[in-house]
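Please look over the model shown here. The report works from the overall layout down to single residues.

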Amino acid sequence: MTATGRVYSRTNADEVYAVLKAAGRALSAYQILERLRGSSIRAPTQVYRALERLQATGGVHRIHSLNAFVACVADHHDGERPGILVCSQCGSVFEFEAPALESLPTETGGKEFMPQSVVLEVAGLCGTCRNATSPPPGSSLSEATGDGRAS
Ligand SMILES: [Zn+2]
Ligand SMILES: [Zn+2]
């Protein structure tokens with residue numbers, strides 16, 4: 001990243017990437033467009049085109065199950081295999097490396113199958129949301145009963 005802001009004119013892809021990076025979670029194309037209000041990007045097609053470019057370089061991943069996009073947090077490049085964990089409550093995204101193609105079954109029911117790509121998306125609850133919805137077992141009120149209230 002260049003330190004000086006205006007050395008070159010930012011492309012649409014740069015703008016879209018900046019929005020996703022700042023959001024730190026999955027956004028739909030329309031949410032991206034909304035956050036770009038006031039920029040030179042005004043049409044959904046501009047957002048989609050920028051997203052295509054970013055996906056090709058590995059800077060952005062598409063989350064198929066949400067029809068949303070997220071900035072890569074693990075420095076993936078084209079051809080690598082991101083596995084994506086999505087918090088179904090807050091939309092936070094975490095990444096891990098999906099299984100290699102070579103490790104996948106190449107036959108099923110006696111018929112050959114040739115794996116060509118892996119899309120791995122896991123829905124769940126992130127630590128923050130999990131703690132918010134269900135207090136950890138054993139920690140029910142007990143700690144606050146003493147002089148804790150005085151603060
Ligand atoms: Zn990634
Ligand atoms: Zn969450």
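**Overall layout**

This is a predicted model. The protein has four helices and seven strands. From the N terminus, the order of elements is α-α-α-β-β-β-β-β-β-β-α. Of its 151 residues, 17% count as buried. Among contacts with a separation of 6 or more, 46% link residues 24 or more positions apart.

**Nonpolar core**

In soluble globular proteins, nonpolar side chains tend to be buried together. The largest nonpolar core here holds 22 residues. Within that core, Val16, Leu20, Val60, Phe69 and Val70 touch the most other members. Helices and strands both contribute: α1 (12–23), α2 (29–35), α3 (44–57), β2 (68–71) and β3 (82–87) each supply at least two residues of this core.

Leaving out residues up to four places away in sequence, Val60 touches Tyr17, Leu20, Leu51, Leu54, Gln55, Phe69, Val70, Ala71 and Cys72.

**The α1 and α3 pair**

Two packed helices are described by the angle between their axes and the distance between the axes. The axes of α1 and α3 come within 8 Å and cross at roughly 85°. That angle falls in the 65 to 115 degree range, so α1 is roughly perpendicular to α3. By class, this contact has seven nonpolar, two polar and one charged residues. On the α1 side are Asn12, Ala13, Val16 and Tyr17. They meet Gln46, Val47, Ala50, Leu51, Arg53 and Leu54 in α3.

**The sheet**

Which strands form the open sheet, and in what order? There are three, arranged β4-β3-β7, and the pairing is mixed. β4 and β7 (120–124) stand at the edges with a single partner strand each, so one side of each has no neighbour in the sheet. The twist averages 25° from one strand to the next.

The two pairings compare as follows.

| Strand pair | Sense | Bridges | Residues opposite each other |
|---|---|---|---|
| β3 and β7 | parallel | five | Gly83 and Leu120 |

β3 and β4 also form a hairpin, with five residues between them. In the turn, Gly91 has a positive phi of about 80°.

**Two loop residues**

Most residues other than glycine have a negative phi, and most peptide bonds are trans. Asn67 has a positive phi, near 50°, and is not a glycine. Asn67 sits in the loop between β1 (60–63) and β2. Is Asn67 buried or exposed? Asn67 has 11 other C-beta atoms within 10 Å. The limit for exposed is 12 or fewer, so Asn67 is exposed.

Ser103 lies in another loop, the one between β4 (93–97) and β5 (107–108). Ser103 has 9 C-beta neighbours inside 10 Å and therefore counts as exposed. Pro115 is 12 residues from Ser103 along the chain. The C-alpha atoms of Ser103 and Pro115 are separated by 9.6 Å.

How values were computed
Residues numbered from 1 in each chain as written. Chains lettered and ligands numbered in written order. Predicted model: local features only at pLDDT ≥ 70, side-chain atom pairs only at ≥ 80, totals over all residues. Core = buried A, V, L, I, M, F, W, Y, C linked by C-beta atoms within 7 Å. Buried ≥ 20, exposed ≤ 12 C-beta atoms within 10 Å, placed from the backbone. Contact = placed C-beta atoms within 7 Å. Axes fitted to C-alpha atoms, helices over the stretch in contact; angles between N-to-C directions. Parallel < 35°, antiparallel > 145°, perpendicular 65-115°, else oblique. Nonpolar A, V, L, I, M, F, W, Y, C, P; charged D, E, K, R; others polar. Pairing = 2+ DSSP bridges.
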